[in-house]
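Hello,

Here is the structure you asked for. My notes on it follow below.

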Amino acid sequence: MSIELYPDHKAILHFYDSLTVFEIDFLSALTTLLARVEYAERDFHLYVKPTLFQSAFDFVVVEPKKSVFIFQTPENVEEFKEKQQAFQQNIEATPQNKDIFKELYYLYDSILLEALAAVEDEVVLLTPQDFEDHTEILQQIFAKKTTSAAHLTAQQTQIMQQALNPNTNIKHYISRSLPKAYEEKATSKAQTKQKFKGAQGAGKTSLLVKRVVNCARRLNQHGKILVVAGDPEKATVLKDLITAEDGRSLQELGIDIEHYEQLTPPNVKYHALFIDDAERLETAAFHDLLDHYLVDMNEANDYEYVVMADEENLPQVPKILGPYHTLNKEAKRLNDVLIDSRKIFLRILEG
């Protein structure tokens, strides 16, 4: 059994029009459902916000050589009618499609459910409770087909997957998780000492996340990376964000992330040191990190040392010469999308 997600979790995090809270909940419920033991021998390809036959759909599940499940998540009656019309115009072109394509609507709002209660019987309305209880209607929808009469052929499956390629809808994605002005600052460089300052919401953590991942790719396991969080709660957040940004585990990336107070002396010194919320550390902590954790910053070593600090309470950082680079863009929206969405997509990734 496999559940493949298109586009990948990172691209979904960077949608220009981010998923709503109830769409994130639906995606979580759907992947949980498809991972049930009843479907252990089946494969599902799950497309998020794809285009198909010149129409946009919310979620499409393709079971190769079997069926196509189109889930729509309308927020009101007018949107429901528009989505229903799109399905009728683009999917119900031939009688065979009625057996292969399943039209499904997920309604999170009980008032909307009541308003649509009088629609045609052939329209399937689903609620969060259906997924929570794995109700009979869901069991029927995903019942395994025993005959081949109403199956996608191998050729139809291939055509469908090509038509659903998320790249056809690339204009609706943000290709970066940073303000454009920060992209150059996110480049990992050998023998680098830099410090950045900015107000809350300026994108310090987002820049650090991107910079750490780029450093891991540059080092490519030829040296480990230490990320130190001045805030104890930030260490957990950084672990999730960095994993979500790259799609690999911290072990694969060669990255250790800890709050300073939780550090233990390393067996081998790190080739890169990143510090977030540096204003929370004492000067002695910087001396300790540079003396005992980071390789010597000389021409013989490939080191990288980057510090992020809140502009309102700048720390005194020893052994870094030169001024702070100021971050002055508004990155709050991107931060909110990353933080609010990371758990669901990390579950998908781990699964």
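Tyr 106 is buried, at a relative accessible area of 3%. Buried here means under 20% relative accessible area, exposed means over 50%, and partly exposed lies in between (1.4 Å probe, protein chains only). Please note that this is a predicted model: local features need pLDDT of at least 70, side-chain atom pairs count only at pLDDT 80 or more, and totals for chains, interfaces and linings use all residues. Residues are numbered from 1 along each chain as its sequence is written, and side-chain values use heavy atoms, with hydrogens and water left out.

Aromatic rings

There are 13 aromatic pairs in the structure. Rings of Phe, Tyr and Trp (its six-membered ring) count as a pair if their centres lie within 6.5 Å; planes under 30 degrees apart are stacked, over 60 edge-to-face, and the rest tilted. Phe 26 and Tyr 106 make a tilted pair, because their planes stand at 45°, with the ring centres 4.6 Å apart. Phe 26 belongs to helix H2 (residues 21-34) and Tyr 106 to strand S7 (residues 101-106), so this pair ties together parts 80 residues apart in sequence. Helices (H or I, at least four residues) and strands (E, at least two) are DSSP runs, numbered from the N terminus. Phe 26 is buried, at 0% relative accessibility.

Tyr 39 and Phe 142 form another tilted pair, 6.1 Å centre to centre and with 55° between the planes. Tyr 39 lies in the loop between H2 and strand S2 (43-48), and Phe 142 in the loop between helix H7 (136-141) and helix H8 (154-163), so the pair ties together parts 103 residues apart in sequence. Both Tyr 39 and Phe 142 are buried.

Elsewhere, the charged end of Lys 195 sits over the ring of Tyr 324, 4.4 Å from its centre. The criterion is NZ of Lys or CZ of Arg within 6 Å of the ring centre and within 35 degrees of the ring normal.

The sheet

Six strands form an open sheet of mixed pairing, in the order S1-S2-S5-S6-S7-S8. Two strands pair if DSSP finds at least two bridges between them. Strands S1 (2-6) and S8 (124-126) stand at the edges with a single partner strand each, so one side of each has no neighbour in the sheet. S2 and strand S5 (residues 59-63) run antiparallel and are joined by four bridges. Tyr 47 stands opposite Val 60 in S5.

Backbone

Most residues other than glycine have a negative phi. Gln 191, not a glycine, has a positive phi of about 50°. Gln 191 is in the loop between H8 and strand S9 (192-198) and is partly exposed, at 39% relative accessibility. Gln 221 is not a glycine either, and has a positive phi of about 70°. Gln 221 is in the loop between helix H9 (204-219) and strand S10 (225-229), and its 47% relative accessibility makes it partly exposed.

Helix H12

Which residues are buried in helix H12 (residues 283-292)? They are Ala 285, Phe 286, Leu 289 and Leu 290. These residues cover an arc of only 125° around the axis, which puts them on the same side of H12. The arc is that of the directions from the helix axis to the C-beta atoms. S10, strand S12 (272-276) and strand S13 (304-310) are included in what covers the buried residues of H12, where contact means heavy atoms within 4.5 Å.

Regards
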